[in-house]
Amino acid sequence: MSATPLTWGGRSIPGPGGLPAVAVSLTGPSLAHARAQARSAVEAGADVLELRVDLLEEVGALAAPGPLDAATATAQVLEECLRGLREAIDGADADGVDADTGAPVLLTCRTAAEGGRAHLDDAAYGALLRSVLDGLADWAPERRPAAIDVEVQHGCLRQVCEQAHGLGIGVVASFHDFEATPSDEVLEEVLARMACQGADLAKIAVWPTGADDVARLLGVCARATAGAGERGGLGVPVAAMSMGALGAVSRVAPAFGSALTFAVVPDEQGLARASAPGQLPIQDVRRCLELLRA
């Protein structure tokens, strides 16, 4: 079963010719930095902007050590999250990027377990995402983010998908392993679970301990994105990344079917702050994708 391409804010995921769309994470640490990063990313040709809410100092309550119950976490972050998202979009609009045709926004909050700064248990994480979506219901549809990221291991994917889809917001289901690359069977089960629970795009990011792990991940992605009439097609677009220097090839290998890849853009100080190990500069990613086009 072949995957139906997504359309976020007028952008196709994957992009023209089946090339992966290129996302740039806005890593802060402040809203002002995120706005500047957004402008630089759009100018560099980013297809998607990922707003990493957990990295913004304005919502630093999420990074406080110790558990936060769902109600507290939601109350502390909701107003700042929505304001930050609006200001990031408005900042890009002010520089001539139209909200309807500019790079769409993927809203992401990573907990410490996935390499982020938010200290939230499963219940608080799910409550946070649902409350963010409650707030977005009051926004005009064209001002909402194109998609929201949901870490599948927190157990709230199905509920968040139902709520997000009711608002016309897509869902990226994510799975992270910063220590190893699980077996093919485990990765395929995770991808199937994501699709079954309503995700519009299934994303896996894992750590390789050798070249064989990278090759296995690319094989899993190729099977999951198989075309009509082929075995194993998942039915939704897949983004598969092997992290670190060893896995960099997985970010620029369009022949294996990944629909989305992540790149970095230098900030105003010339620093490139990657949101995950192994991300490459956007110019290098674009060049490699064109060279390796199937």
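This is a predicted model: local features need pLDDT of at least 70, side-chain atom pairs count only at pLDDT 80 or more; totals for chains, interfaces and linings use all residues.

Residues are numbered from 1 along each chain as its sequence is written, and side-chain values use heavy atoms, with hydrogens and water left out.

**Salt bridges**

The structure holds 13 salt bridges. The term means a side-chain nitrogen of Lys or Arg within 4 Å of a carboxyl oxygen of Asp or Glu.

| Pair | Closest N to O |
|---|---|
| Arginine 11 – aspartate 47 | 3.5 Å |
| Aspartate 213 – arginine 216 | 3.1 Å |

Arginine 11 forms a salt bridge with aspartate 47. Arginine 11 sits in strand β2 (residues 11-13) and aspartate 47 in the loop between α1 (31-43) and β4 (48-52), so the pair ties together parts 36 residues apart in sequence. Helices (H or I, at least four residues) and strands (E, at least two) are DSSP runs, numbered from the N terminus. Arginine 11 is partly exposed at 24% relative accessibility; aspartate 47 is buried at 15%. Buried means under 20% relative accessible area, exposed over 50%, and partly exposed in between (1.4 Å probe, protein chains only).

Glutamate 151 is buried at 0%. Arginine 110 is buried at 3%.

Aspartate 213 and arginine 216 both lie in helix α6 (residues 211-224), 3 residues apart, about one turn of the helix. A salt-bridge network links Asp184, Glu188, Asp212, Asp213, Arg216 and Arg223.

**Threonine 111**

Threonine 111 is in the loop between β5 (105-108) and α3 (122-136). Its relative accessible area is 2%, so it is buried. Its side chain makes a polar contact with that of glutamate 114 (2.8 Å). Beyond four places away in sequence, threonine 111 touches residues including Tyr125 and His154; contact means heavy atoms within 4.5 Å.

**Helix α4**

In α4 (residues 157-166), Leu157, Val160, Cys161 and Ala164 are buried. They cover an arc of only 105° around the axis, which puts them on the same side of α4. On the other side, Glu162 and Gly166 are exposed. The buried residues of α4 pack against α3, β6 (147-151), β7 (170-177) and α5 (184-196).

Definitions and conventions
A polar contact is a pair of N or O atoms within 3.5 Å; within protein, one must be able to donate a hydrogen and the other to accept it, and residues adjacent in sequence count only if both atoms are side-chain atoms. The arc is that of the directions from the helix axis to the C-beta atoms.
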